[in-house]
Amino acid sequence: MKVQNQKNQSSMCKQEVNPNKDGSCPCCGANNESLILLKTDSASVLFKNARILKMDGSPIFIGELFVKGNRIAYVGKKYDGKEKADRVIDANKNVLMPGFKNAHAHSAMTFLRSYADDLSLHDWLYDWVFPVEDRLRPGDVYHLSKLGFAEYLTSGITAAFDMYYSPEEIAKASKDFGMRIVLVGTPTVSRGSIDDLKKNYRKLNHFDELVTFQLGFHAEYTITEEMLSALSKISHELKAPVYSHSSETEFEVNGCIQRHGCTPTEYFERLGLFDFGGGGYHCNFMSDNDLKIIKKRGLFVTTCPGSNTKIASGIAPIQKMIDMGINLSIGTDGPASNNCLDFFREMFLVTGLQKLLCKDPCACEAYKVLEMATVGGAHAMHLDDADTLDVGKLADIIMIDLHRPNMQPLNNIEKNIVYSGSKENVKLTMINGKILYEDGKFYLDESIDDIYKSAQDITDRIKEEVKSLKK
């Protein structure tokens, strides 16, 4: 167990160490009373002197927030102190807010970062990604996911809607790492099956408190109608929502029209896949009827502007969706197509691209984008108890450092976060009541260097295998 001396906040020991047999810190000699267990189910933390942004529409206020176990036990002006905190943190008037929710991700694709770039989506997938993914071995996804999780922490992301193969490995990585993950099924004609999807739904929704599972599939163009009909039956049996990539490119939409005589959204609706809700990832090319279906069914649209900009897939009509009252969230997509898992960049691109698309600088205002990044993502992922900072909600919290040049002066903090914020402003990331990242350091049960090495070893092995095949 890692410990940290917190007795003197101004000169706290920052060493990641194991305690001596007597419980004291081997680095500075602090005794039991001044040591805090950074990863423990029973720890409690009191944040004082914080600017609290609850993300419920109320204004930011200076106050205190008390975390007990994995839940928020108090948020308000002044904690009564009835229960002593294991650790007291002076927030120094920095912002406490709900963590960002990455509502569309392929975390384990870290091994493909900067491997195949400057290509169309079709060429990128079929000529580069799919063939290399065939070289993955059991255990690879577990290690590769952890690298993605670590990057999430540095960006203030406290949960991810993760669509990738080997969901059991991702679930285990989530539990061991401490990352909150909502898995979504991704069967295709060549990988996975609808039967496996149902088994994973029943099994992984009872795997760990940090893990849930939703029904889904990769895309219309990688699955058969027979498989989708079977999935629709399962959705009705379980009364469960369904998620998928949808309408990411004009090529995809036109192909679906040629194959089925309708758009992907209309096709999924015809098969009854949306009868219990769900959502679409990307949704760049949407007809008026598509949007009416989305609205009628209460579906969620997750926009991924970083990836879509890099691949030149298109720009989702987010402002039009806002005007229609459609549920919205934001995703990074994967590190193979983005290539950065940076929610500040995503937020800026959401609003910036809408201003260009609409030719209107008033389009997609900052607070709405911040809402999409937190509350919207939580609801898209069915993490309703992790959407705002309120008593009883999950303690998935981030601290935004305002004492940086890009955050000064403080004219409008919410707009600062969206328009000028960056990863350097993430001072602390807490998931499920545990501080996993603080002041640039990771507090995990595995060293970050070991995580890097595992990912690099897997990447090097796969590249060598691919290279030998081409000889």
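N339 is found in the loop between strand β15 (327–330) and helix α11, where helices (H or I, at least four residues) and strands (E, at least two) are DSSP runs numbered from the N terminus. The model is predicted, so that local features need pLDDT of at least 70 and side-chain atom pairs count only at pLDDT 80 or more, while totals for chains, interfaces and linings use all residues. Residues are numbered from 1 along each chain as its sequence is written, and side-chain values use heavy atoms, with hydrogens and water left out.

A cis peptide bond joins N338 and N339, with omega about 10°. Another cis bond joins Q408 and P409, with omega about -10°; P409 belongs to the loop between β16 (397–400) and α13. Most peptide bonds are trans, and most residues other than glycine have a negative phi.

D118, which is not a glycine, has a phi of about 60° and sits in the loop between β8 (100–105) and α1 (121–133). With a relative accessible area of 77%, D118 is exposed; buried means under 20% relative accessible area, exposed over 50%, and partly exposed in between (1.4 Å probe, protein chains only). C283 has a positive phi near 50° and lies in the loop between β13 (278–282) and α8 (288–297), but C283 counts as buried at 1% relative accessibility.

Helix α11 (residues 343–358) includes F343, which counts as buried because its relative accessibility is 0%. Leaving aside neighbours within four places in sequence, F343 is in contact (heavy atoms within 4.5 Å) with residues including F100, S155, I330 and A373.

In helix α5, the residues M227, L228, L231, S232, I234, S235 and L238 are buried. They cover an arc of only 165° around the axis, and therefore lie on the same side of α5; the arc is that of the directions from the helix axis to the C-beta atoms. What covers these buried residues includes α4 (194–204), β11 (211–217), β12 (242–246) and α7 (264–270). The face turned away from the buried side of α5 carries the exposed residues E226 and K233. K239, with a positive phi near 55°, follows α5.

Finally, the axes of α12 (residues 366–380) and α13 (residues 413–420) come within 9 Å and cross at roughly 75°. Axes are lines fitted to C-alpha atoms, for helices over the stretch in contact, and angles run from 0 to 180 degrees between N-to-C directions. The helices are therefore roughly perpendicular, a term for angles of 65 to 115 degrees.

How values were computed
Angles under 35 degrees count as roughly parallel, over 145 as roughly antiparallel, 65 to 115 as roughly perpendicular and the rest as oblique.
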